[in-house]
Structure formats: C-alpha cells, structure tokens
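Please brief me on this structure, starting with the helix packing. Keep it short and group the points by topic.

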Amino acid sequence: MSSLIVIGTHVKNMLYWLTKDKFAMCSISTEKTLIQCDFDGTVTEEDVSFLILDTFARGNWRKLLEDYRKNKISVDYFNKQAFTMVRASRETLTEFVRTRAKIRCGFKELTDYCYKRGLCLVIVSNGLDFYIDVILSDAGIRNIEVFAAQTKFCHEGIEVQYIGPDGNEANKGLKELYARLFLAKGYRLIYLGNGVSDIHPARLAHHVFARDDLLSCCARENIACIPFTDFTDVVKGLKLLPQSRSNS
Ligand SMILES: [Mg+2]
C-alpha cells in the first residue's frame, strides 16, 4: 500500500491532529513552518482534472467551468458536477493519468529541501485523491500529507466528496479551511499555488509563491508574492525568506 495518505483515510488522523502535534517531527527550533501547496497546475504542469474531463466527460463540462470562472458556482461544486459526467473505470483513468500527467520540475528538490530543513509540506487540493496518489507514488514522492477530494467510482459517474478538517463534508473552501487550521495550530504559513481558488488561502498566508492566475489575483489585491516558474525557484525563494515570522 502506498505510504501516501489521502483524505479518504484522514478523518481518523484529523482527530489525532487535534489532540497531538502530528507535525512535531517537522518543527524547526525557532518556529514551526508549514508549506501548503496546491496540486493541479502547481505540482503538475497541467490541470489533471481538465485532462480527464476533456477526454472522458460525456456532457458540457466546460459550461460548468464557465460558471465557476464567473463565480456563479464554487470550485467544489464544479468538480462534483463535472465528474459525474465521467464514465470510466479507475484502471482506465489511472493508466491515462500515468501517460499524460507531468510533475513540474524541481518538486522532488522541494520535498528534499523541506525534509532537510524540517519544514512541513502539505498538499491541499480540490483535485481527486486517486490521481494525486498515483502521480506522487509513481514519482517516488512519499510521506506527504494530502488533503483532496475523495473519489468513488460508480456506474453513474465519479462521485466526489470533500471532507473538511472537522471530519464533516465541506462543500466550499477546502483550501481555506485547512489554511485556517494550520494557522490555528501556530504554524507560519507559506502558500504555493497557481489558480483563482488559491487566492483564499493566499490571503491568510505569511508568504505566497504564485504563478498563472494566482499571480494576477495577488497583483489585483496587492498581496505580496514571489512568482515562480518551477520548484527550483521556490527552493531558491525559501532560502531567502526570513527564518521566523518576527523577521518577516
Ligand atoms: Mg491549481
């Protein structure tokens, strides 16, 4: 079994988090720092959900995307509705993801750097747990906490469910809910992302690394951020950040 822990098995762990510091091993002597990272279009070069929907969805999922981009529906609702249009087995989609998804350059370097420095690296994604698991496992990247949508393969399409930090269904703002949890636990929060939905946790973070739409959103809202092309830029940027929030 993969050591990657996905949200499907996380409710139990969340209770553990609330009572013990699960990230004690990640603490640095001066201050606890946690890097919350988006997955689709951030860890991967392309949005894996879009690749799947473009190939397997039977229906006009792009109309839903348009509604999401116009702020008519949440990203969580968009994923739930769009994935019901997908009629394909786990095996078919796993094979597809293995051939199409590519991890952005430098991600392994980032995980190694975080491990050496004692920084917690956590993925919180609106994407689907099954493909995140496949992509990271295949790349030999293990022991990263992942909070994403639970995927259930049914005859009627793929069922997607979001579970928040409290163990209840979260239909809106998964990334922000987790960002608030990490802050409440006393972490200095560094956020990495690429999309419009990343602006909500980015607003709360102490430092932000951004590309694509998130970069534009940060500029529009006057949120200081460090642009990145790949994760080698992120590692360079992390080395230049102050060691603690008091120096930030
Ligand atoms: Mg993204």
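The buried residues of α2 are Val48, Ser49, Ile52 and Leu53. They span an arc of only 135° around the axis, which puts them on the same side of α2. Here a residue is buried if 20 or more other C-beta atoms lie within 10 Å of its own, exposed if 12 or fewer, and partly exposed in between, with C-beta atoms placed from the backbone. The arc is that of the directions from the helix axis to the C-beta atoms. This is a predicted model, in which local features need pLDDT of at least 70, side-chain atom pairs count only at pLDDT 80 or more, and totals for chains, interfaces and linings use all residues. Residues are numbered from 1 along each chain as its sequence is written.

**Helix packing**

- The buried residues of α2 pack against α3, α4, α5 (90-100), β2 and α7. Two residues are in contact if their C-beta atoms, placed from the backbone, lie within 7 Å.
- Helix α4 (residues 75-83) has Val75, Asp76, Phe78, Asn79, Ala82 and Phe83 as its buried residues. Their arc around the axis is only 160°, which puts them on the same side of α4.
- The buried residues of α4 pack against α2 (48-56), α3 (61-69), β2 (120-128), β3 (145-154), β4 and α8.
- An α-helix has 3.6 residues a turn, so residues three or four places apart point the same way.

**Overall make-up and confidence**

- The chain holds 11 helices and 7 strands. Helices (H or I, at least four residues) and strands (E, at least two) are DSSP runs, numbered from the N terminus.
- Of the 248 residues in the chain, 43% are buried.
- Contacts between residues at least 6 apart in sequence join residues at least 24 apart in 63% of cases.
- The mean pLDDT of the chain is 88, and 86% of its residues reach 70 or more. pLDDT is the predictor's confidence in each residue, from 0 to 100.
- Over residues 1-30, pLDDT stays under 50. The model has 47 contacts beyond four places in sequence for this stretch.

**The sheet**

- An open sheet of 7 strands runs in the order β4-β3-β2-β1-β5-β6-β7, with mixed pairing. Two strands pair if DSSP finds at least two bridges between them.
- β4 (157-161) and β7 (226-227) stand at the edges, each with a single partner strand, so one side of each is left without a neighbour in the sheet.
- Strand β1 (residues 33-37) is mostly covered, with 5 of its 5 residues buried. Thr33, Ile35 and Cys37 point one way from β1, and Leu34 and Gln36 point the other way.
- β1 and β5 pair in the parallel sense over 5 bridges. Thr33 has Arg188 as its bridge partner in β5.
- β1 is also joined to β2 by 4 bridges, and these strands run parallel. Cys37 stands opposite Ile123 in β2.
- Strand β5 (residues 188-193) runs parallel to strand β6 (residues 207-210), joined by 4 bridges. Ile190 stands opposite His207 in β6.

**The nonpolar core**

- The largest nonpolar core has 70 residues. Such a core is a set of buried Ala, Val, Leu, Ile, Met, Phe, Trp, Tyr and Cys residues joined through C-beta atoms within 7 Å.
- Domain 1 (7-45 + 103-152 + 161-240) and domain 2 (50-99) both give residues to this core, so it lies between them. Domain bounds come from an automatic or database domain assignment.
- Ile35, Tyr131 and Ile132 have the most contacts inside this core. Helix α7 (residues 129-138) gives the most to the core, with 6 residues.
- Leaving out residues up to four places away in sequence, Ile35 touches Cys114, Leu119, Cys120, Leu121, Val122, Ile190 and Leu192.

**Loop residues to look at**

- Lys172 lies in the loop between β4 and α8 (174-184). Lys172 counts as partly exposed because it has 13 C-beta neighbours inside 10 Å.
- Beyond its neighbours within four places in sequence, Lys172 is in contact with Ser74 and Asp76. Lys172 and Tyr77 are 95 residues apart in sequence and 7.8 Å apart in space, C-alpha to C-alpha.
- Asn71, in the loop between α3 and α4, has a positive phi of about 65° although it is not a glycine. Asn71 counts as exposed, with 8 C-beta neighbours inside 10 Å.
- Asn222, in the loop between α10 (212-220) and β7, has a positive phi of about 60° and is not a glycine. Asn222 counts as exposed, with 6 C-beta neighbours inside 10 Å.
- Most residues other than glycine have a negative phi.
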